[in-house]
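Here are my notes for a colleague opening this entry for the first time. Please read them with the structure on screen.

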Amino acid sequence: MKESKAGLLFLLITSAFAIGQVIDFESLDDEGLAGNIYFGSSYSEDGFELTTTEEFAYTTLYGSASLVLHSGPDIGTVTITQENGEIFDMVSMDFASGSSQNLTLIGTRIDNSTVEQLISLEGNWLIDSYTLTNLTDIVSVGWEDRDFVFDNITIVPEPTTLLLFTLGIFGIQRLNV
Ligand SMILES: [Ca+2]
Ligand SMILES: [Ca+2]
């Protein structure tokens, strides 16, 4: 019994330090269709949820399924949260845009303070990867989106919460011994 508990603790601790996961939208790539396929205002993958005030579509025009925000003449917002409310870092993301412009990604921390990451989109409709250094220890991230294409959102779950939880269990178990 003790051994299995120790094994479980080891698993919990090592999983707490898991490296990043990539939201790559490949679960949408089952049609093999060109063009934009509209499907609604939310999308879930790897325990994360993306929502928008407008409508999401996906496309395979970039060689891999990627998301497109269909905002028409309006500016939509895109928001990413972890479904269990845990803290995470967002470390990179791919974007393509038809017009050259600056884009500000705004991360929100658990105390409602915000951090910002400015990226410069080239406007050539080519997918580029952007390294994000400011979006650490956040519970959500969002941006104003004008028909951008995006893919490969790389996220590192923050170990602190789970680690503290695990250490808490460990402490309680020691008290019970
Ligand atoms: Ca994934
Ligand atoms: Ca993809």
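1. **Strands 3 and 4.** Start with strand 3 and strand 4, which pair in the antiparallel sense over 5 bridges. One bridge links T59 to S66 in strand 4. The two strands form a hairpin with 6 residues between them. In the turn, G63 has a positive phi of about 90°. Bear in mind throughout that this is a predicted model.

2. T60 lies in the loop between strand 3 and strand 4. Is T60 buried, exposed or partly exposed? T60 counts as partly exposed, because 19 other C-beta atoms lie within 10 Å, and a buried residue needs 20 or more. T60 and I37 are 23 residues apart in sequence. In space their C-alpha atoms are 9.4 Å apart.

3. **Strand 3 and strand 2.** Strand 2 and strand 3 run antiparallel, joined by 7 bridges. This pair is a hairpin too, with 2 residues between the strands.

4. **D46, a point to check.** D46 sits in the loop between strand 2 (37-45) and strand 3. Its phi is positive, about 55°, although D46 is not a glycine. Most residues other than glycine have a negative phi. D46 is partly exposed, because it has 15 C-beta neighbours inside 10 Å.

5. **Strand 3 and strand 5.** Which strand does strand 3 meet over 5 bridges, besides strand 4? Strand 5 is the answer, and here too the strands run antiparallel. Look for T51, which stands opposite T79 in strand 5.

6. **Two glycines in loops.** G85 lies in the loop between strand 5 and strand 6. G85 counts as exposed, because it has 10 C-beta neighbours inside 10 Å. G85 and G47 are 38 residues apart in sequence, yet 9.8 Å apart from C-alpha to C-alpha. The other glycine, G35, is in the loop between strand 1 (21-23) and strand 2. G35 is exposed as well, because 9 C-beta neighbours lie inside 10 Å. G35 and L61 are 26 residues apart in sequence. Their C-alpha atoms are 6.8 Å apart in space.

7. **Strands 7 and 8.** Strand 7 (residues 101-108) and strand 8 (residues 114-121) pair over 8 bridges, in the antiparallel sense. In this pairing, L105 has Q117 of strand 8 as its bridge partner. The two strands form a hairpin with 5 residues between them. N112 is in the turn and has a positive phi of about 75°.

8. **D147.** D147 lies in the loop between strand 10 and strand 11. Phi of D147 is near 60°, a positive value in a residue other than glycine. How exposed is D147? D147 is partly exposed, because 18 other C-beta atoms are within 10 Å.

9. **The core.** Nonpolar side chains tend to be buried together in soluble globular proteins. Here the largest nonpolar core has 27 residues. Those with the most contacts inside it are L67, M90, V141, F148, F150, I153 and I155. Which elements give two or more residues to this core? They are strand 3 (48-59), strand 4 (66-70), strand 5 (76-82), strand 6 (88-96), strand 10 (140-145) and strand 11 (149-157). Strand 6 gives the largest share, 5 residues.

10. Leave aside the neighbours of I155 within four places in sequence. What is I155 in contact with then? Its contacts are G20, Q21, I23, F48, F88, D89 and M90. One of these, M90, is itself among the core residues with the most contacts.

11. **The whole chain.** Now step back. The protein chain has 2 helices and 11 strands. Along the sequence the pattern is α-β-β-β-β-β-β-β-β-β-β-β-α. Of the 177 residues, 21% count as buried. Now take contacts between residues at least 6 apart in sequence: 71% of them join residues at least 24 apart.

Technical notes. Residues are numbered from 1 along each chain as its sequence is written. Chains are lettered from A and ligands numbered from 1 in the order in which they are written. This is a predicted model: local features need pLDDT of at least 70, side-chain atom pairs count only at pLDDT 80 or more; totals for chains, interfaces and linings use all residues. A nonpolar core is a set of buried Ala, Val, Leu, Ile, Met, Phe, Trp, Tyr and Cys residues joined through C-beta atoms within 7 Å. A residue is buried if 20 or more other C-beta atoms lie within 10 Å of its own, exposed if 12 or fewer, and partly exposed in between; C-beta atoms are placed from the backbone. Helices (H or I, at least four residues) and strands (E, at least two) are DSSP runs, numbered from the N terminus. Two residues are in contact if their C-beta atoms, placed from the backbone, lie within 7 Å. Two strands pair if DSSP finds at least two bridges between them.
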